[in-house]
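Let us read a few features of a model together. Keep the viewer open.

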Amino acid sequence: MSENSALKAKLGIDVFKPGKVAHIKIKPGREKDARLQAAILLCPAGLYRANEKGEVTLTTDGCLECGTCLVACGIEVLDWNYPEGGTGVQYRYG
Amino acid sequence: MEKFDVIIVGAGLAGLGCAYTLAGKGLDVLVLERGDYPGSKNASGGRLYINPIRNLFPELWDKAPLERHIVHESITMMARERSLAMDYTGDELRREPHQSYSLLRSKFDRWLAEQVETNGTMLMCKVKVNGVLKENNQIVGVIAGGDELLADVVIACDGVLSFVAEKAGLRTSRTAHDYAVGIKEVITLEPTLINERFHLEGNEGAARLYVGDITSGKFGGGFIYTNKESISLGIVIGIEDMGTDHSAAEAPALFDAFKQRREIADLIKGGTTVEYAAHLIAEGGYNAIGNLYGNGILLAGDAAGLALNIGFTVRGMEYALASGYYAAQTVLKAKESGDYSSKSLSLYKTLLEESFVLKDFLSFRESPAVVSNPRFFNYYPEMIGNILQDIYNVPTGTKEKLYATMRKHLSVRDMWGFLKDLRRITRI
């Protein structure tokens, strides 16, 4: 199993309740911001990826809502909110 | 419009500790929680120290769903290819009342919330607070799920990111330097196997901290806590240190590398991972604590930055429960006078200062600087590992004298550096 699919499998064990909208967004025009490199390195769910053009993309499925990316990148780069009540990750052990 | 005496945002340990203390005192208290149930958004390493909070919540501990009382405390220095473990155990750790327990937050928080609800407090889950209501520079309620809910006082217990504190103007920015991220797997394992592997009997538990190669020599470490039928295995990574090192492996890969270390793999063999969690940890200590109160608002728990790492112990949950308790005492006092201004609520800070909470933070104010010394994460584990390797090695020929062996790894410059580090350590 590749590293990424192993991580996906691990996230697959968690309980997630889907929300209607992405709760974290990279602000328009900030896709190449250097600060996003920290999010690629640190996101426990591996949700930040760089494409061939050097732009960073984000998918919020599997987000553990830890806030690491917000602290690492800041509000100039990310539009960061918790998911709506009753959605997102629901820990059964914690 | 609905009006409450108190709105508590977040049903974690601070919020529930506050609600529990306020229950039965004749106040209308509303607890709002964004998760499906209390604990559903919470993750911790998992250990609670009872002594400082035992008497604040005297009835709780007999029935609380705690996992195991900790009788083995260990620290392991992990070099790249070897490690050195130090294990402390003692009769004092086996005697009741036990000083600390492993726990799992979903179970514990849910149970504590039940105790709170039994006492007549209203708890609403699946409700996210989107903002605060201000009137004449006073917080007078919250906006939640499109509704405006009024209260004499709002208690922000919404965790380490605390958007409530931010929206109330009590927090300005978050600096990466003051935070780490904890990543954890809960791995189920037969209790008999847990006992065998960790040298435990019955409901005894073990806590292990790891420092060194786990975080590629950067600030952070690893941990294990044994639960009744599972093991909490995790790593903690300093955000500033790791986020700026582009040669470092990604956090999930660091976690897996730690998990695959022989020292760890042997302990979890045959176990099944049942959850993968991540949570932010405040590492800034006393100097990172900002405002704790304002007009009509108090901050408690992680929202107030109340987490403290002093190397051997990493604590947050007692501070959350205790700050919730003192927030409740402050509210009860304010209720008597009907004054919820910042001046009246400043009692909260006084109570925290007189308690173990801010006393601990003050006496360990130098701790964040000391425990983040990069030499602990690379230099010392490697050096000590190398010395041990040579000391234990029996070569084909003659064995070198012990002192000479050690000196090979310890130049005058090394020893001078060691003394300097030691001097820094004396500050905590």
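The dialogue below takes up a glycine, a helix, the domains and a surface patch.

Q: What kind of model is this?
A: This is a predicted model.

Q: Where does B:Gly205 sit in chain B?
A: Begin with the secondary structure. B:Gly205 belongs to strand 12 of chain B, which covers residues 204-212.

Q: Is B:Gly205 buried or exposed?
A: Compare the relative accessibility with the cut-off. Buried means under 20%. B:Gly205 is at 0%, so the residue counts as buried.

Q: Which residues does B:Gly205 touch, leaving out those up to four places away in sequence?
A: Look past the sequence neighbours. The contacts are B:Arg68, B:His69, B:Ile70, B:Val71, B:His72, B:Leu200 and B:Thr226.

Q: What does the domain assignment of chain B give?
A: Check whether a domain is one segment or several. Domain 1 takes in 3-67, 107-171 and 290-354. Domain 2 is 177-282, and domain 3 is 373-425. The C-alpha centres of domains 1 and 3 of chain B are 48 Å apart.

Q: Which residues form the nonpolar patch on the surface?
A: The patch consists of B:Trp416, B:Phe418, B:Leu419, B:Leu422, B:Ile425 and B:Ile428. Together they have about 560 Å² of accessible area. B:Phe418 lies in helix 16 of chain B, residues 412-425.

Key: Residues numbered from 1 in each chain as written. Chains lettered and ligands numbered in written order. Predicted model: local features only at pLDDT ≥ 70, side-chain atom pairs only at ≥ 80, totals over all residues. Heavy atoms only, no water. Helix = DSSP H or I, 4+ residues; strand = E, 2+ residues; numbered from the N terminus. Buried < 20%, exposed > 50% of the residue type's maximum accessible area, 1.4 Å probe, protein only. Contact = heavy atoms within 4.5 Å. Domains from an automatic or database assignment. Patch = residues over 30% accessible without salt bridge, like charges linked within 9 Å, V, L, I, M, F, W, Y side chains within 5 Å. Areas by Shrake-Rupley, 256 points an atom, 1.4 Å probe, with all protein chains shown as cover. Salt bridge = Lys/Arg side-chain N within 4 Å of Asp/Glu carboxyl O.
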